[in-house]
Amino acid sequence: MEFRRVVITGLGAVTPIGNTVPEYWDALCKGVNGAGHITRFDSTKFRTRIACEVKGFDPQQYFDRKEVRKLDLYTQFAIVASDEAISDSGITKDNTDFDNVGVVFSSGIGGINSFYEEVAAFATGDGTPRYNPFIIPKLLPDLAGGHISIKHGFKGPNFSTVSACASSANAIIEGYNYIRYGLFPVSIVGGSEAAVSPAAIGGFEAMRAMTTRNDDPMTASRPFDADRDGFMMGEGCGCLVLEDYEHALARGAKIYGEIVGCGLSSDAYHITAPHPEGIGAILCMQRAIKDAGIEKENIDHINTHGTSTPAGDTSEAMAISKFFGEHAPNIVLNSIKSMTGHLLGGSGAIEAVATVLSLRDGIIPPTINHFNDDPNIDPNLDFAYWEARHKEMKYALSNAFGFGGHNASIIFKKYE
């Protein structure tokens with residue numbers, strides 16, 4: 001089967017370090033940190049009291065009061081980021097058949113804070129149910145994509161992929177496949193999360209998955225560092241407009257880059273822990289390389305999953321060393337979670353945006369907060385610690401892994 005070429009023509013982002021793509025990209029390249037003490041709720045009694053929150057986001061700048069009542073914060077982020085990406089792409093009803101535009105938009109958890117607030121109000125009340133009539137559509141993970149589709153009139157496939165922290169990477173892959181198989185010319189893809197909430201913070205800290213470096217939030221997210229003690233929660237959204245290459249050319253679209261391959265696998269090992277030898281991650285990257293029709297020596301950069309968890313970082317680094325072998329030291333790696341925190345289901349999307357811009361500009365954002373080398377991580381791996389790296393590149397890979405053993409790898413190519 002002859003596949004269609006798939007290009008990226010629009011980008012959108014709402015993140016802890018910038019609420020538009022230009023702000024986000026500039027902050028990433030400068031190594032700006034989005035960490036701080038939690039402001040969304042009183043975290044005094046929690047073990048983890050820090051997070052990477054979105055800053056300066058005023059819902060009433062984008063929505064009227066009635067709409068705000070209908071939309072969980074994760075959906076608000078999704079609508080704002082997708083509006084930016086759609087506007088950036090230049091698709092309109094004059095140059096694109098909106099009946100054939102798909103929306104694949106994900107969230108790992110959905111409207112968890114809306115659900116928490118409604119249940120807490122009921123539990124502390126007199127027992128009379130007084131639920132918000134919009135509570136169910138506010139909490140469902142697929143409703144961000146539903147709102148995007150309704151707002152713009154996109155009538156192609158519309159659904160959510162849920163694979164924990166790999167969710168938005170899976171969404172990108174699904175949208176990519178629809179286009180390359182020739183089924184639809186345009187896909188709006190991405191993922192959003194707003195889980196800085198008592199329920200999510202409490203749940204993850206009970207698992208001992210999160211950092212407790214509360215006295216020093218700016219250095220708490222330490223991917224691949226010997227003293228990392230867990231991930232820092234982030235929030236926000238990333239969105240990409242994917243398009244059939246010929247469709248994009250016909251309407252004179254600007255093109256950021258291409259997607260040329262993807263890989264999926266399962267660890268089949270544990271509900272939360274990665275395989276200690278990185279077997280699933282190796283399979284995933286191997287399948288992405290094969291799908292792209294390139295050699296592993298062609299990869300110039302990997303945007304790692306790199307969450308700052310003790311087991312996860314070791315497993316991913318081991319997988320990269322094993323799979324790429326002698327070529328591994330030539331690949332510039334990074335983890336932007338050192339700056340953005342971990343956006344859970346939204347992480348794959350904002351990292352895809354970063355990877356596309358890295359290829360376009362020849363700049364790899366740094367991995368900040370590295371102080372001590374981990375003796376269990378190959379010392380020959382290059383993580384671009386502390387400073388952005390300038391490098392002309394052709395192919396880059398982005399990894400996303402999720403609880404349940406879900407693994408996704410996407411290969412991007414510089415547009416020529």
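In H8, the residues Pro198, Ala200, Ile201, Phe204 and Glu205 are buried. These buried residues pack against helix H4, which covers residues 112-123. The model described here is a predicted one.

## Phenylalanine 224

The loop that holds phenylalanine 224 lies between helix H8 (198-206) and strand S7 (236-244). Is phenylalanine 224 buried or exposed? Its relative accessible area is 1%, and buried means under 20%. Phenylalanine 224 is therefore buried.

Which residues does phenylalanine 224 touch, leaving aside those up to four places away in sequence? They are Thr304, Gly306, Asp313, Glu316, Ala317, Ser335, His370, Asp374, Ile377, Phe383 and Tyr385. Alanine 169 gives a separate reference point: phenylalanine 224 and alanine 169 are 55 residues apart in sequence, and their C-alpha atoms are 22 Å apart in space.

## Helices H1 and H13

Two packed helices are described by the angle between their axes and the distance between the axes. Helix H1 spans residues 21-30 and helix H13 spans residues 347-361; their axes come within 11 Å and cross at roughly 75°. Angles of 65 to 115 degrees count as roughly perpendicular, and H1 and H13 are therefore roughly perpendicular to each other.

On the H1 side, the contact is made by Val21, Tyr24, Trp25 and Leu28. On the H13 side, these meet Ile350, Glu351, Val353, Ala354, Leu357, Ser358, Arg360 and Asp361. The residues of this contact between H1 and H13 divide into eight nonpolar, one polar and three charged.

## The chain as a whole

The chain contains 13 helices and 14 strands. Its radius of gyration is 20 Å, close to the 22 Å that the globule rule gives for 416 residues, so the chain is as compact as a globular protein of that length. Taken along the principal axes, the C-alpha atoms fill a box of roughly 65 × 55 × 40 Å.

Of the 416 residues, 61% count as buried. The accessible surface of the chain comes to about 16,000 Å², and 52% of that surface belongs to carbon and sulfur atoms. How many of the contacts between residues at least 6 apart in sequence join residues at least 24 apart? In this chain the share is 79%.

How values were computed
Residues are numbered from 1 along each chain as its sequence is written. This is a predicted model: local features need pLDDT of at least 70, side-chain atom pairs count only at pLDDT 80 or more; totals for chains, interfaces and linings use all residues. Side-chain values use heavy atoms; hydrogens and water are left out. Axes are lines fitted to C-alpha atoms, for helices over the stretch in contact, and angles run from 0 to 180 degrees between N-to-C directions. Helices (H or I, at least four residues) and strands (E, at least two) are DSSP runs, numbered from the N terminus. Angles under 35 degrees count as roughly parallel, over 145 as roughly antiparallel, 65 to 115 as roughly perpendicular and the rest as oblique. Contact means heavy atoms within 4.5 Å. Ala, Val, Leu, Ile, Met, Phe, Trp, Tyr, Cys and Pro count as nonpolar, Asp, Glu, Lys and Arg as charged, and the others, Gly among them, as polar. The radius of gyration is taken over C-alpha atoms; the globule rule is 2.2 Å times the number of residues to the power 0.38. Buried means under 20% relative accessible area, exposed over 50%, partly exposed in between (1.4 Å probe, protein chains only). Accessible areas come from the Shrake-Rupley method with a 1.4 Å probe; for residues, only the protein chains shown count as cover.
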